[in-house]
Amino acid sequence: MTDEQMLAAEITPEPLYLARRRFLKWGAAAASMLATGVAYRRLNRVGAMSVDTDRIADYVPAAESSLKSGYRVDETKTPIEQVANYNNFYEFTTDKEAVSSVAKNFVSTPWQLTVDGMVHKPGTFDVRELMADFRLEERIYRMRCVEAWSMVIPWIGFPLAKLIERVEPMSTARFVAFESLNDPERMPGQRKAVLDWPYVEGLRLDEAMHPLTILALGLYGRILPPQNGAPIRLVVPWKYGFKGIKSIVRISVVAAQPPTTWNRQAPREYGFFANVNPEVPHPRWSQATEQRLGEAGRRATLPFNGYADQVAHLYQDLDLHVNF
Ligand code: MTE
């Protein structure tokens, strides 16, 4: 093993390793409350980053009115300070409370997004042009991380289906592969082999075309801040948060199931589908409950993160205990 690989082996499971240590000491519920309590104190410290990215409506004059539509959950939104200061974005750092400050000078304009593979009209699109081309909507979605914490976030974006329709997928296409930026100069976390860069993700084509699946360009009415995946990231609200790949540079329509970062990293722990499922525990902790940031107690985790009515039919023929 090289030094880099040893470092990766040590660092990669760190959140998981820490979680296990806490489990042994205090039990699952206490561990999670402790973690959230620590996060809380840190979030309220002086120095937590405020979000000062531009308002989307300043770029897209029509946005204000079109934003109103869309799907929304009727639950308390997680304050923007928490959404923007408690992040997983290993390209910058594995420290959730530090991503916002490490990423603060990340420049994401201009940004080209290539859409290719089994499509009749591949193309490379400027993200700001996409923003103007597609009708943007606000979607207030739950987000459930595989680490058993959750938030409610008002995203701004458009259905991924619109972009895929535009490039005209071939009839034999079955999956969609996503790739994040790979640029260690601009993303210091990539100078270590913490993960196998670039971060990659994938969806089945029918999941990608589902109306709940969006590409987000903003949150809370503002351009996406770097730490949340600027300038464009995936949001699939019925799946664990790691499916929501950030800072996307390439989307490829493909025939076979593509590799995904966390599945490659720990195949027994993270599947390709990663549908939120309280009945399938992570090998090292339960997924039955979650810590909603900003709440005192734990709440029950819902099948498909509360979106079962809309998406359960996609998996009728799958045993989700095997295809987790
Ligand atoms: N995308 C990239 N490129 N790199 C990452 O480390 N982390 C994932 C996902 N997308 C990650 C990523 C994980 S584990 C989660 S929970 C969500 O982003 C967190 O999104 P948030 O920081 O906006 O809440």
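The second largest pocket holds about 380 Å³ of space. Of the 25 residues that line this pocket, Thr-53, Phe-106, Leu-224, Pro-225 and Pro-226 are the closest to its centre. The model is predicted: local features need pLDDT of at least 70, side-chain atom pairs count only at pLDDT 80 or more, and totals for chains, interfaces and linings use all residues. Residues are numbered from 1 along each chain as its sequence is written, and side-chain values use heavy atoms, with hydrogens and water left out.

**Second largest pocket**

- Helix H8 (residues 127-133) gives the largest share of the lining, three residues.
- The lining is made up of 14 nonpolar, seven polar and four charged residues.
- In this grouping, Asp, Glu, Lys and Arg count as charged, Ala, Val, Leu, Ile, Met, Phe, Trp, Tyr, Cys and Pro as nonpolar, and the others, Gly among them, as polar.

**Ligand site**

- The ligand is surrounded by 16 residues, and the closest are Tyr-90, Glu-91, Ser-180, Gly-244 and Lys-246.
- This shell divides into seven nonpolar, six polar and three charged residues.
- The side chain of Glu-91 has an N or O atom 2.7 Å from a nitrogen atom of the ligand.
- For Ser-180, a side-chain N or O atom is 2.9 Å from a nitrogen atom of the ligand.
- An N or O atom in the side chain of Asn-87 is 3.0 Å from an oxygen atom of the ligand.
- Of the 540 Å² of accessible area (Shrake-Rupley method, 1.4 Å probe) that the ligand has on its own, the protein covers 97%.

Terms used. Near = heavy atom within 4 Å. Polar contact = N/O pair within 3.5 Å; in protein donor to acceptor, adjacent residues only side chain to side chain. 1 Å grid on protein atoms, 1.4 Å probe; cavity = no way out; pocket = protein on both sides within 12 Å on 5 of 7 lines; lining within 4 Å. Points joined across faces, edges and corners; volume = space filled by probe spheres on them. Helix = DSSP H or I, 4+ residues; strand = E, 2+ residues; numbered from the N terminus.
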